Amino acid sequence: MLPMFFWAFVIGGLICVIGQIMFDVFKLTPGHTMSTLVVIGAILGGFGVYEPLIDFAGAGATIPITSFGNSLVNGALQEADQHGLVGVLTGMFEITSSGISAAVVFGFIGALLFKPKG
Amino acid sequence: MAKQKSPEQKRYEKIEQKHEAKRPVVKNCIKAFFVGGSICLVGQAVSYFYMYYFHFTEQTAGNPTVATMIFFAMLLTGFGVYDKIGQFAGAGSAVPITGFGNSVISAAIEHRTEGFVLGVGGNMFKLAGSVILFGVFSAFVVALIKTLLLIWGVI
């Protein structure tokens with residue numbers, strides 16, 4: 001259990017460092033950086049290397065935004081496995097629905113509860 | 001793309017470069033590493049919680065964990081703490097899913113004065129929309145290529 005916490009910290013931290021380098025060295029905006037990381041996650045998911053990373057680092061791999069791209073690809077591939085080419089479209093949100101639904105639900109609740117500052 | 005620059009503009013660029021503050025890249029990276037790592041550490045604790053009490057596996061625990069982390073992001077954003085973390089940590093707080101949640105939630109809170117339909121509804125995905133667009137589109141392309149290759153028996 002302890003090594004899992006350690007690797008979650010290290011791998012999660014390293015993915016954030018990659019993001020920080022994109023901010024500072026390549027002078028990308030946060031929007032561009034996040035979009036690039038999601039695309040990288042999708043490509044890694046396509047090659048099947050992201051799942052082993054999750055087994056290895058747990059939340060260190062599932063919490064960074066790259067996992068969003070990976071689970072989109074995995075959802076699409078899973079559904080494509082059962083239903084053929086159409087599955088690529090219909091299975092897209094099969095796995096990763098929680099990120100978006102949680103953001104929508106809590107975003108709305110947040111807007112109900114909190115007042116804008118400044 | 002390559003627009004002709006006037007001599008004044010070139011001179012201005014030189015002066016600008018000379019005076020542009022150097023970004024402390026190494027320091028920023030260290031901050032991003034520790035804050036980003038800590039957020040993932042909390043995430044790991046949440047996943048273990050779901051694995052022990054709700055019988056999720058290592059792979060499936062990701063989903064409820066992400067939702068819980070976004071819930072935390074809502075509280076931190078609402079109380080104005082996430083902005084402060086963001087100023088300190090840069091990518092360390094932006095890259096984890098909490099940063100995605102923060103961008104949705106802060107946009108929702110910020111635009112509530114314009115009403116719930118046009119304000120909150122219309123602006124919620126103002127910043128996070130590009131992440132969803134490029135995530136979904138790249139996933140579509142990747143999955144399409146892989147599925148076609150599997151159908152044709154290449155891999």
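Welcome to this structure, starting with one face of a helix: on α3(A), the face turned away from the buried side carries the exposed residues A:P52 and A:D55. Here a residue is buried if 20 or more other C-beta atoms, placed from the backbone, lie within 10 Å of its own, exposed if 12 or fewer, and partly exposed in between. This is a predicted model, in which local features need pLDDT of at least 70 and side-chain atom pairs count only at pLDDT 80 or more, while totals for chains, interfaces and linings use all residues. Residues are numbered from 1 along each chain as its sequence is written, and chains are lettered from A and ligands numbered from 1 in the order in which they are written.

**The helix α3(A)**

- Which residues of α3(A) are buried? They are A:Y50, A:L53, A:I54 and A:A57.
- These residues cover an arc of only 100 degrees around the axis, so they sit on the same side of α3(A); the arc is that of the directions from the helix axis to the C-beta atoms.
- An α-helix has 3.6 residues a turn, so residues three or four places apart point the same way.
- The buried residues of α3(A) pack against α1, α2, α4 and α5 of chain A, together with α3 (62-78) of chain B.
- After α3(A) comes A:G58, which has a positive phi near 55 degrees.

**Chain A as a whole**

- Chain A has seven helices and zero strands, where helices (H or I, at least four residues) and strands (E, at least two) are DSSP runs numbered from the N terminus.
- The C-alpha trace of chain A spans about 50 × 35 × 35 Å along its principal axes.
- Of the 118 residues in chain A, 57% count as buried.
- Among contacts in chain A with a separation of 6 or more, 59% come from residues 24 or more positions apart; two residues are in contact if their C-beta atoms, placed from the backbone, lie within 7 Å.

**Where chains A and B meet**

- In the interface, 64 residues of chain A are in contact with 64 residues of chain B.
- On the chain A side, α1 (2-24), α2 (30-46), α3 (50-57), α4 (59-62), α5 (66-83) and α7 (97-113) each supply at least two residues.
- The largest share of that side, 16 residues, comes from α1(A).
- By class, the side of chain A that touches chain B has 43 nonpolar, 18 polar and three charged residues. Ala, Val, Leu, Ile, Met, Phe, Trp, Tyr, Cys and Pro count as nonpolar, Asp, Glu, Lys and Arg as charged, and the others, Gly among them, as polar.

- The axes of α7(A) and α6 (residues 97-110) of chain B come within 8 Å and cross at roughly 35 degrees. Axes are lines fitted to C-alpha atoms, for helices over the stretch in contact, and angles run from 0 to 180 degrees between N-to-C directions.
- Residues making this contact include A:G99, A:A103 and A:F106 of α7(A) and B:I97, B:F100 and B:G101 of α6(B).
- The contact of α7(A) with α6(B) has 10 nonpolar, four polar and no charged residues.

**Annotated regions**

- For chain A, an unreviewed UniProt entry gives the annotation "transmembrane region" to residues 6-26, 33-50 and 95-114; UniProt positions are in the numbering used here, feature names are shortened, and annotations may be inferred rather than shown by experiment.
- The end C-alpha atoms of residues 95-114 of chain A lie 30 Å apart, and the span is 85% helix and 0% strand.
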